[in-house]
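Subject: Structure handover

Hello,

Here is the structure you are taking over. Please open it alongside this message; my notes follow below it.

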Amino acid sequence: MSVIISFSGTDGSGKSTQIRILINELRKKGLRTKYIWARGGYTPLFSLLKKILRFILPKKFKYSDGKQLREKVLKKNFVSKIWLFIATLDLLIFYGVYVRMISPFMDVIICDRYIEDTLIDFKRNFSNTFDDHSFLWKLLLFLAPRPNKSFLLHVPVVVSLARSKLKKEPFPDTPETLAFRLSEYLNDSIFPSQRYHKIDCQISIESTNKEILEKLKELF
């Protein structure tokens with residue numbers, strides 16, 4: 001079975017950069033390395049479903065002028081509950097079936113975000129309808145493989161905002177959302193320190209990479 005390494009954390013913390021460096025290092029060692037990215041509502045299967053719905057639904061749902069209408073529809077309790085059910089089921093298939101299915105054929109699987117990242121998304125966007133004690137969510141936690149090593153990269157909100165501007169992010173999160181996410185990421189009941197190695201990424205890229213590689217020595 002493959003080694004699973006997950007990366008979680010705030011926007012602008014350098015996750016993509018560190019993942020890219022790590023993948024290059026692992027492939028240089030001849031390790032078969034698979035990169036996957038997933039969040040609730042954004043897996044390949046869910047994206048395909050959304051494309052089909054956009055094709056079927058009326059034009060007013062398809063374009064930018066329909067964005068507010070879509071958001072309004074999702075705020076309806078019964079709609080958001082259906083959306084959450086499908087998104088959670090989709091994650092269950094992705095992690096519980098797909099990741100387990102490819103695991104025997106890979107030496108390393110790098111997960112850009114993991115289930116807890118989606119937990120934060122759902123708590124933020126569906127605070128009135130999301131239930132992390134539901135049977136389906138608990139089943140997802142049970143069936144998803146547990147990473148061998150998990151990293152949580154974080155930076156303060158002001159740093160996230162500054163780095164988003166430098167990268168010219170088209171849809172940056174608001175300061176309020178960034179603050180909410182950072183608070184959740186630093187919440188030890190969600191991201192326990194015994195499972196997640198937490199790095200304040202205000203240090204250099206090289207120093208962060210060195211710290212990550214040091215923690216992975218026992219695996220490779």
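**Salt bridges and charged residues**

Asp 188 has a relative accessibility of 37%, and therefore counts as partly exposed. Please keep in mind that this is a predicted model. Asp 188 forms a salt bridge with Lys 198, with 2.9 Å between the closest N and O atoms. Lys 198 belongs to strand S5 (residues 196-200) and Asp 188 to the loop between H8 and S5, so the bridge ties together parts that are 10 residues apart in sequence. Lys 198 is likewise partly exposed, because its relative accessibility is 24%.

The structure has 12 salt bridges in total. Another of them pairs Asp 121 with Arg 181, at 2.5 Å from N to O. This pair links distant parts of the chain, since Asp 121 sits in helix H5 (residues 115-125) and Arg 181 in helix H8 (residues 175-185), 60 residues apart. Asp 121 and Arg 181 are both buried. Through shared partners, salt bridges join Arg 39, Asp 121, Asp 173 and Arg 181 into one network.

A further bridge runs between Arg 113 and Asp 117, whose closest N and O atoms are 3.7 Å apart. Arg 113 has a relative accessibility of 7%, so it counts as buried. Asp 117 is buried as well, because its relative accessibility is 0%.

**Helix H8**

Which residues of H8 are buried? They are Thr 177, Leu 178, Arg 181, Leu 182, Glu 184 and Tyr 185. Viewed down the axis of H8, these buried residues fall within an arc of 160 degrees, so they line one face of the helix. As background, an α-helix has 3.6 residues a turn, so residues three or four places apart point the same way. The cover over the buried residues of H8 includes strand S1 (3-9), H5, strand S4 (149-154), helix H7 (157-167) and S5.

**Nonpolar cores**

The largest nonpolar core holds 31 residues, and among these Tyr 95 and Phe 122 touch the most other members. At least two residues of this core come from each of H4, strand S3 (108-112), H5 and helix H6 (135-143). H4 gives the most, with nine residues.

What does Tyr 95 contact, leaving aside neighbours within four places in sequence? The contacts of Tyr 95 are Ala 38, Arg 100, Arg 113, Tyr 114, Ile 115, Leu 140, Ala 144 and Pro 145. One of these, Arg 113, is the residue described above as the salt-bridge partner of Asp 117.

**Nonpolar patch on the surface**

There is also a nonpolar patch on the surface, made up of Leu 45, Leu 48, Leu 49, Ile 52, Phe 78, Ile 82, Phe 85, Ile 86, Leu 89, Ile 93 and Val 97. Together these residues have about 970 Å² of accessible area. Helix H2 (44-56) and helix H4 (77-102) are the elements that give two or more residues to the patch. H4 provides the largest share of the patch, seven residues. Leu 89 is placed in helix H4. With a relative accessible area of 34%, Leu 89 is partly exposed.

Regards

How values were computed
Residues numbered from 1 in each chain as written. Predicted model: local features only at pLDDT ≥ 70, side-chain atom pairs only at ≥ 80, totals over all residues. Heavy atoms only, no water. Salt bridge = Lys/Arg side-chain N within 4 Å of Asp/Glu carboxyl O. Buried < 20%, exposed > 50% of the residue type's maximum accessible area, 1.4 Å probe, protein only. Helix = DSSP H or I, 4+ residues; strand = E, 2+ residues; numbered from the N terminus. Arc of directions from axis to C-beta. Contact = heavy atoms within 4.5 Å. Patch = residues over 30% accessible without salt bridge, like charges linked within 9 Å, V, L, I, M, F, W, Y side chains within 5 Å. Areas by Shrake-Rupley, 256 points an atom, 1.4 Å probe, with all protein chains shown as cover. Core = buried A, V, L, I, M, F, W, Y, C linked by side-chain atoms within 4.5 Å.
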